[in-house]
Amino acid sequence: MNQKLSFSKLLSLSLMLFAMFFGAGNMIFPPMLGQLSGVNFLQSVAGFVITDAGLSILGIAAVVMVGTKLDDLVGLIGPKFSIFMGIVIYLLIGPLFALPRTGTVSFELAVVPFIPDGIPKVAVSVIFTAIFFTVTYILSLNPSKLVDIVGKILTPILLISIAVIFITSLTNPMGEIGPATGEYASIPFFKGMIEGYLALDGLAALAFAIVVISAVKDFGITERKSIVRYTLLAGMFAGIALAITYLALGYVGAQTSGNPIFENGSEVLAAVVFHLLGKGGNIVLGIAVLLACLTTSIGLSSSFSDYFNVIFPKYSYKKILAVVCIFSFAISNMGLTSMIKFTLPALVMIYPPAIALVLLSFFNKWIKKPESYALALLFAFIIGIFDGLKAAHLSLGSLSDMIAQLPLFDLGLGWVLPAVIGCLIGKLPFVNFLSIKKH
């Protein structure tokens, strides 16, 4: 019997997924794209959408097509690699970077503007982030409630806040859209794609897939085909919502392109909101950013804790959740700049093999051999190392110069051709170095 999910429940799933994806970086990057790309903002936002929302949808699709969780996807190579890759991804999108960032960014944009002169910023930061991650812990104790908590309450408030900013910018523009600057003038689409990688949703999708699949099952959907269908539909609707939101925020930022360049997207938003709504606008922006960070924090914490509870069953979900929240609280007080400085190179290194795995999984019917996946990911990771060195402003001299000659390397896509070559080499009949076959 064909099982059906009502539109209202599917909408709740989609809003939940949108809210988990839409974090602080998603709020800040599009306005900055808009300011720097100016008249080319549509192209740069399109690139951003492809590598953010697009990769997110593909990531969820890849997981649900092969199973129900990240392990099933990375297990295409083998169980040992599955554990290794899973741990690396969850650590990067969890307590090592993305999770602490939710507390730091929400503090800087939702609290700092309202701190009176004379009050130590550090002290307020400690208090705020302690409350922030306590709330994260409480709301993450029962992941099955995420649909009600996030989808029906928090997300509509977030969307209304963004809509207020966008609609007001239409009726009272901050200024005329000016010319593009830097690479946004020459390669706006590809520059937008690079920014989309840094939003981390491509990796987060692999973790969030299990939350959506579990939520679908909680609605009473048990048939495999129906689970796949509604998971994919939720991903598509969330992706469309992300694209519309990015377009709105990109347009808001484009209105500032005729002004002096701001340092980051938070300054762009602050300037626009103050111009449009005055001091009251700071409250609207603060609410929007705080909710974006909180919903992402809930999704990351629950997914991380669930994953590590499976790997290390002797530690309960609650204990893992408590540890990750406490650790994230501590790291979040290092400051956003310090976190980016130390972790961005690692993120740039891990993204190429993760994307390669997602894309190749759709051709599993023809690939089949775990060696093809292994070599494709290895070659992509090797090139990713040089991308990471570039992000850290480091060089290996002539070796780095040689790698930089690869096709598309300047666009951040130098790993594509090596990954394809690695996959083809792995298909050769005499290449059979993995003793454990995929499951």
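Mentor: Before we look at any helix, keep in mind that its expected span is 1.5 Å times one less than its number of residues, and that helices (H or I, at least four residues) and strands (E, at least two) are DSSP runs numbered from the N terminus. This is a predicted model, in which local features need pLDDT of at least 70 and side-chain atom pairs count only at pLDDT 80 or more, while totals for chains, interfaces and linings use all residues. Residues are numbered from 1 along each chain as its sequence is written, and side-chain values use heavy atoms, with hydrogens and water left out.

Trainee: How do you know that the span of helix H6 agrees with what it should be?

Mentor: Helix H6 covers residues 98-110, which makes 13 residues, and at 1.5 Å a residue these should span 18 Å; since the end C-alpha atoms are 18 Å apart, the two values agree.

Trainee: What makes H6 largely enclosed by the rest of the structure?

Mentor: Buried means under 20% relative accessible area, exposed over 50% and partly exposed in between, with a 1.4 Å probe and protein chains only. In H6, 12 of the 13 residues are buried, so the helix is largely enclosed, and among those buried are Leu99, Val105, Phe107 and Leu109.

Trainee: Why is Ser372 counted as buried?

Mentor: Ser372 has 0% relative accessibility, which is under the 20% limit and therefore counts as buried. This residue lies in helix H18, residues 370-391, and Ser372 is in contact (heavy atoms within 4.5 Å) with residues including Ile367, Cys423 and Lys427.

Trainee: What makes the approach of the Ser372 side chain to the backbone nitrogen of Lys427 a polar contact?

Mentor: A polar contact is a pair of N or O atoms within 3.5 Å, where within protein one atom must be able to donate a hydrogen and the other to accept it, and residues adjacent in sequence count only if both atoms are side-chain atoms. The side chain of Ser372 reaches the backbone nitrogen of Lys427 at 3.2 Å, which is within that limit.

Trainee: Why is the pair of Phe48 and Tyr246 called edge-to-face?

Mentor: Rings of Phe, Tyr and Trp (its six-membered ring) pair if their centres lie within 6.5 Å, and planes under 30 degrees apart count as stacked, over 60 as edge-to-face and the rest as tilted. By this rule the count comes to 16 aromatic pairs. For Phe48 and Tyr246 the centres are 4.8 Å apart and the planes stand at 85°, so the pair is edge-to-face. Phe48 lies in helix H3 (residues 41-66) and Tyr246 in helix H12 (residues 224-254), so the pair ties together parts that are 198 residues apart in sequence. Both partners are buried, Phe48 with a relative accessible area of 1% and Tyr246 at 0%.

Trainee: Which residues have the most contacts inside the largest nonpolar core?

Mentor: A nonpolar core is a set of buried Ala, Val, Leu, Ile, Met, Phe, Trp, Tyr and Cys residues joined through side-chain atoms within 4.5 Å. The largest one has 127 residues, and Phe22 and Met27 have the most contacts inside it. Helix H11 (residues 201-218) supplies the largest share of this core, 13 residues. Phe22 is in contact with Met27, and also with Tyr246, and ring pairs link Phe18, Phe22, Phe29, Phe48 and Tyr246 into a cluster.

Trainee: What makes His393 exposed, and why is Leu408 called partly exposed?

Mentor: His393, found in the loop between H18 and helix H19 (398-403), has 74% relative accessibility, which is over 50% and so counts as exposed. Leu408 sits in the loop between H19 and helix H20 (416-427), and its relative accessible area of 42% falls between the two limits, so Leu408 is partly exposed. Although neither is a glycine, His393 has a positive phi of about 60° and Leu408 one of about 70°.

How values were computed:
Lists of a residue's contacts leave out its neighbours within four places in sequence.
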